[in-house]
Amino acid sequence: MELKGKSALVTGAAMGIGRAIAERLAAEGAQVLLCDVVDDAGRQAVADIQAAGGHVAYLHLDVTDPQASMAAVAHAESLFGGLDVAVNNAGISGEFRKAAEHTPETWRQVIDINLSGVFYGVRAQVPALLRRGGGSIINISSILGQVGHVDLAPYVAAKHGVVGLTRTVALDYGRENVRCNAVGPAFIKTRLIDNVPEEGRRGLAELHALGRLGEVKEVAELVSFLASDRASFLTGNYYAADGGYLSR
Ligand SMILES: NC(=O)c1ccc[n+]([C@@H]2O[C@H](COP(=O)([O-])OP(=O)(O)OC[C@H]3O[C@@H](n4cnc5c(N)ncnc54)[C@H](O)[C@@H]3O)[C@@H](O)[C@H]2O)c1
């Protein structure tokens, strides 16, 4: 229960990695506001975590709306009395096309959610963390925040941008005890991977030193650690949860 007494907000928490993060933070005793645009799944996640004894609530939040990001933080503060931890996880892969074949629309959609959404989150969260005397922000990037990938120019650009934003937030607010780190998952078993045929999944697994895909709980474990006071000297960094993908 190392997060007991802390409160947290997780975006994109209705399913996948975000849901696993919310579950893990709640299991460590944090009060957690789960935010997403898929309300049915978000409410189901909250019901499941509550059934397991967690203190959680759900709020509809589209991370591309700066005002709504402000309102979400205000909601967390009014529910829980303050905010200590924020996890900016909401993201989409976007369409797979060669770089020059992406349109301004497909570019903007991915950048809006995956990069601007993180900025709007940070912009709303930092003042709340400062009101508590500090806290921890964890931005979910990707292995593709460090290396490229065919056909995914907007996603790769956004995830690299998240790492740069993270480092700068750490520099801007470190003296005020706000830590900010990025987590970079490799290929994790979520609905994205569920749609890949068996042969393709085997090929993806082979790209990792461990020879397998990651589990959502293996990403949540790292996020929970970075949220905790055990990570008190860790800020401004990128931490891969990648089964050795980046080691090749
Ligand atoms: N699954 C992987 O292999 C993998 C690898 C590296 C990084 N990531 C990153 O991890 C994060 C979570 O991905 P996932 O694999 O769990 O995907 P997912 O699709 O299972 O979950 C993403 C969640 O974000 C929500 N979301 C989408 N747009 C939103 C918006 N505008 N506002 C609020 N919520 C929104 C979705 O409704 C969904 O609940 C993403 O940032 C993704 O880029 C995933």
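A nonpolar core, as I use the term, is a set of buried Ala, Val, Leu, Ile, Met, Phe, Trp, Tyr and Cys residues joined through C-beta atoms within 7 Å, where buried means that 20 or more other C-beta atoms, placed from the backbone, lie within 10 Å of the residue's own. The model is predicted, and local features need pLDDT of at least 70, side-chain atom pairs count only at pLDDT 80 or more, and totals for chains, interfaces and linings use all residues. Residues are numbered from 1 along each chain as its sequence is written.

With that in place, the largest nonpolar core has 76 residues, and Ala 22 and Leu 34 are those with the most contacts inside it. Its largest share, 10 residues, comes from α4, helices here being DSSP runs of H or I with at least four residues, numbered from the N terminus. Leaving aside residues up to four places away in sequence, Leu 34 touches Val 10, Ala 13, Ala 22, Gly 42, Ala 45, Val 46, Val 56 and Tyr 58, a contact being C-beta atoms, placed from the backbone, within 7 Å.

Turning to α4 itself, helix α3 (residues 66-80) packs against helix α4 (residues 104-131) at an angle of about 35 degrees, with the axes 8 Å apart; axes are lines fitted to C-alpha atoms over the stretch in contact, and angles run from 0 to 180 degrees between N-to-C directions. Among the residues making this contact are Met 70 and Val 73 of α3 and Tyr 120 and Ala 124 of α4.

Finally, the ligand is surrounded by 27 residues, of which Gly 12, Gly 16, Ile 17, Ala 90 and Gly 91 are the closest, the cut-off being a C-beta atom, placed from the backbone, within 6 Å. The largest share of this shell, three residues, comes from α1.

Technical notes:
Helices (H or I, at least four residues) and strands (E, at least two) are DSSP runs, numbered from the N terminus. Two residues are in contact if their C-beta atoms, placed from the backbone, lie within 7 Å. A residue is buried if 20 or more other C-beta atoms lie within 10 Å of its own, exposed if 12 or fewer, and partly exposed in between; C-beta atoms are placed from the backbone.
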